[in-house]
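Hi everyone, thanks for coming. Let's have a look at this one together.

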Amino acid sequence: MRTIWSGILVIVLNIPLVATAFRASLNIARRPSTTHLNLIPSPPLEIPKLANEPNSIITSRSYKSVQSKFDSESIQSNDLVNGIREWLIPSANAATSAAAPPTSGEVKLLRDAFGALYGERNPTKAEELLSQAIKAWERQAPDERAGLYRVRGDCFAGMLKPELAVQDFTTALDLLYGPGGDLADQEEIPAARLGRARAQLGMGGGTTTKEQYAQAAEDYQIALRLTAREDWDTNAEREEDGATRNPYAAWEWGMARRGAGDFKGASESHTIASRAFKEIGDRPRSVISALDAGIDLAASDNLKDARTSLEKAIKSTTAAEGNDIELLQRVIAKEGEARIALASILWGSKDTKPEAEDQLFQACARMDQLQVDADARKALRVKKGLGPEPPAPARLRYTIDDTVGPEASCTRYKNQEFLSKTLLWPESLQEKVSKLNKLGE
């Protein structure tokens with residue numbers, strides 16, 4: 001694709017919005033100029049805290065610099081204008097086209113659309129402008145139109161309209177895989193794939209079908225392969241390498257495979273995510289991913305491997321340390337979930353029922369203490385006159401940071417809606433835990 005996307009999307013890198021606005025929406029790596037785009041896929045628009053954002057291409061070398069300061073707004077503005085201007089000058093390698101070049105009014109429309117999205121952080125306004133731009137760009141090359149549809153897909157995700165986002169990401173992919181789509185930047189396909197996958201996951205448990213989960217799993221897999229940094233011999237190696245650049249996407253891939261009923265594959269993806277997080281020094285999320293890998297197997301018929309995986313992952317929770325209190329709370333909640341899953345499969349055998357009772361007791365004790373600690377922290381804030389924590393911004397939920405925290409409790413594991421919609425537990429695992437729940441009756 002012509003340099004409009006490298007000029008405009010590079011700006012996304014330098015705007016704090018994107019590190020927060022898309023969470024993984026436009027995962028863009030820093031580059032020295034505006035003539036090369038190095039980007040990884042995208043999801044919904046939100047503006048939460050910047051720390052530990054999953055939007056950036058992450059490596060062990062660059063992980064600590066994710067929270068570095070961004071360039072000045074004036075430089076970003078100039079880059080945006082220059083990117084659009086450069087796009088109007090055909091590349092020497094670009095295919096010839098009889099289409100008339102964009103008018104100055106059409107260029108301004110596009111500039112305003114990107115300004116609304118990346119400058120004003122207003123996806124609703126940006127969507128309206130992009131919709132006008134898409135109509136104006138109908139005579140332009142497929143690769144250019146594909147980029148517009150993909151970015152509007154991000155807008156719809158930010159507006160909490162995942163169905164419309166999926167439609168736009170699909171249109172973008174159709175254009176990219178069709179005639180003339182090969183002129184697009186090589187990162188456009190993985191970006192659209194990841195955006196569509198996250199929109200599918202963001203529809204929420206109970207509404208996403210197995211077929212949609214399967215499509216999302218395929219999108220994640222292809223996106224990870226295409227973002228690998230080396231020319232590996234096998235797809236498995238490419239997927240693992242892609243995961244080291246975006247371990248968040250690898251964890252999400254595991255959840256998509258779980259939703260599709262591929263429990264063994266889900267466990268493999270979560271294991272890949274666990275290794276990737278560990279490689280960049282993110283021990284808490286590595287532990288959460290390992291616990292999820294065991295929970296995946298607990299839903300399968302391979303109970304022996306499930307027990308081994310869960311027991312090993314549960315022991316590893318003591319190594320999860322850090323200053324992010326909310327993240328550590330989610331680790332404890334996930335440990336409780338894993339213990340209940342382990343207790344559920346142990347309860348199925350007469351010889352292991354005592355162990356099942358012990359795991360259930362420890363799970364409930366840990367989660368009860370978690371709730372006590374959370375309540376104490378809230379009380380301390382009130383005592384200091386700080387007031388309650390501000391509510392989280394509305395956005396699609398699909399990342400590892402959306403897993404449950406102090407709100408988890410043993411009693412909630414008797415609620416089928418909590419198991420299916422919040423934890424995304426499949427029916428096979430829900431049936432196991434329902435038998436365990438009779439223990440306390």
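**Cysteines and a helix pair**

Let's start with C155, which is buried, at a relative accessible area of 0%. Buried here means under 20% relative accessible area, exposed means over 50%, and partly exposed is in between, using a 1.4 Å probe and protein chains only.

Quick background: this is a predicted model, where local features need pLDDT of at least 70, side-chain atom pairs count only at pLDDT 80 or more, and totals for chains, interfaces and linings use all residues. Residues are numbered from 1 along each chain as its sequence is written, and side-chain values use heavy atoms, leaving out hydrogens and water.

Now, which cysteines does a disulfide join? It's C364 and C410, with 1.8 Å from S to S; the cut-off for a disulfide is two cysteine sulfur atoms within 2.5 Å. C364 sits in helix α16 (residues 353–383) and C410 in the loop between α16 and α17 (416–422), so the pair ties together parts 46 residues apart in sequence. Helices are DSSP runs of H or I with at least four residues, numbered from the N terminus. Both C364 and C410 are buried.

On to the helix pair. Helix α11 (residues 247–259) packs against helix α13 (residues 283–298) at about 15°, and their axes are 11 Å apart. Axes are lines fitted to C-alpha atoms over the stretch in contact, and angles run from 0 to 180 degrees between N-to-C directions. That makes α11 and α13 roughly parallel, the word for angles under 35 degrees. Who meets whom? Y248, W251 and R258 in α11 meet R285, I288, S289, D292, I295 and D296 in α13, where contact means heavy atoms within 4.5 Å.

Technical notes: Helices (H or I, at least four residues) and strands (E, at least two) are DSSP runs, numbered from the N terminus. Angles under 35 degrees count as roughly parallel, over 145 as roughly antiparallel, 65 to 115 as roughly perpendicular and the rest as oblique.
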